[in-house]
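Thanks for coming. Please have a look at the sequence and the structure on the screen before I start.

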Amino acid sequence: MDENQRRAVSEMRGSVRTQLGSSSTQEFGDLTLMRFLIARSMNVEKAAKMFVEWQTWRSSFVPLGNIPVSEIEDELASEKIYLQGLSRKSGRPIVVAKIHRHSVPKDHLQFKKFVVYTLDKSIASGFKSKEIGNEKIVAVLDLNNLSYKNVDVRGMITGFQFLQGYYPERLAKCYILDMPWFFVSAWRLISQFLDKATLEKIVIVRNEEERQEFVEEIGEEVLPEEYGGRAKLVLLQDYVLPPLDD
């Protein structure tokens with residue numbers, strides 16, 4: 001971090017303390033606060049507002065600090081999310097979503113909790129010995145075998161809005177594979193709810209050359225075999241997080 005960034009972080013801490021109290025930012029390192037500043041184009045007051053809203057949401061929606069598996073059993077049973085380890089090039093966690101295994105949820109609250117569980121565990125899989133604060137994930141949205149019954153515009157908007165509002169600068173890149181023609185109009189609608197920074201991180205893989213670049217970016221050793229790699233798919237709920245330092 002340069003001097004201007006350090007000054008912005010210090011000012012942001014002061015603004016948050018004014019709103020939430022003296023201990024509101026003590027447990028968070030500078031790199032965590034920098035994510036909020038970057039998400040708000042280094043505007044201190046807007047970043048502080050976003051941080052306060054995140055803290056308020058987190059204490060309300062995730063009061064235990066994590067989402068218990070018992071609260072998302074139906075979503076986990078669909079076996080649609082996989083966690084594959086760290087990419088070769090960037091060292092970031094790879095999370096794969098097989099959208100054809102998704103159904104429009106009857107319990108939208110459970111789906112929201114599942115989104116949080118997925119993001120929390122995916123991000124945590126990138127911690128080395130402890131959280132640094134600037135860890136990011138690489139997402140792969142697999143639309144192969146997609147049918148109309150799997151198209152959940154509301155669900156995808158929810159996922160991206162959670163990323164934008166409560167996990168700022170946690171997404172490094174999102175690859176979309178095998179987008180069928182009938183999903184294009186749905187994607188145009190979803191895109192209207194995404195900010196410019198998020199859209200710039202999304203890569204729609206359309207041809208063999210782009211697919212090869214995708215394989216090289218992720219690394220054959222962690223990419224599942226069906227995408228040109230050598231790894232086996234690992235269900236999200238089966239992935240064991242590395243132990244962290246106390």
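This is a predicted model: local features need pLDDT of at least 70, side-chain atom pairs count only at pLDDT 80 or more; totals for chains, interfaces and linings use all residues.

Residues are numbered from 1 along each chain as its sequence is written, and side-chain values use heavy atoms, with hydrogens and water left out.

The protein chain has 9 helices and 5 strands; these are DSSP runs numbered from the N terminus, helices being H or I with at least four residues and strands E with at least two. Of its 246 residues, 51% count as buried, meaning under 20% relative accessible area with a 1.4 Å probe, protein chains only. The C-alpha atoms fill a box of roughly 50 × 40 × 40 Å along the principal axes.

Now the helix pair. Which residues of helix 3 meet helix 5? They are Trp57, Arg58 and Phe61, and on the helix 5 side we find Leu109, Lys112, Lys113, Val116 and Asp120. Contact here means heavy atoms within 4.5 Å.

Last, one residue. Ala139 sits in strand 3, residues 137–142. Is Ala139 buried or exposed? Ala139 is buried, because its relative accessible area is 11%. Beyond its neighbours within four places in sequence, Ala139 touches Val95, Leu171, Lys173, Cys174 and Tyr175. Pro93 is 46 residues from Ala139 in sequence, yet their C-alpha atoms are 8.3 Å apart.

Technical notes
Buried means under 20% relative accessible area, exposed over 50%, partly exposed in between (1.4 Å probe, protein chains only).
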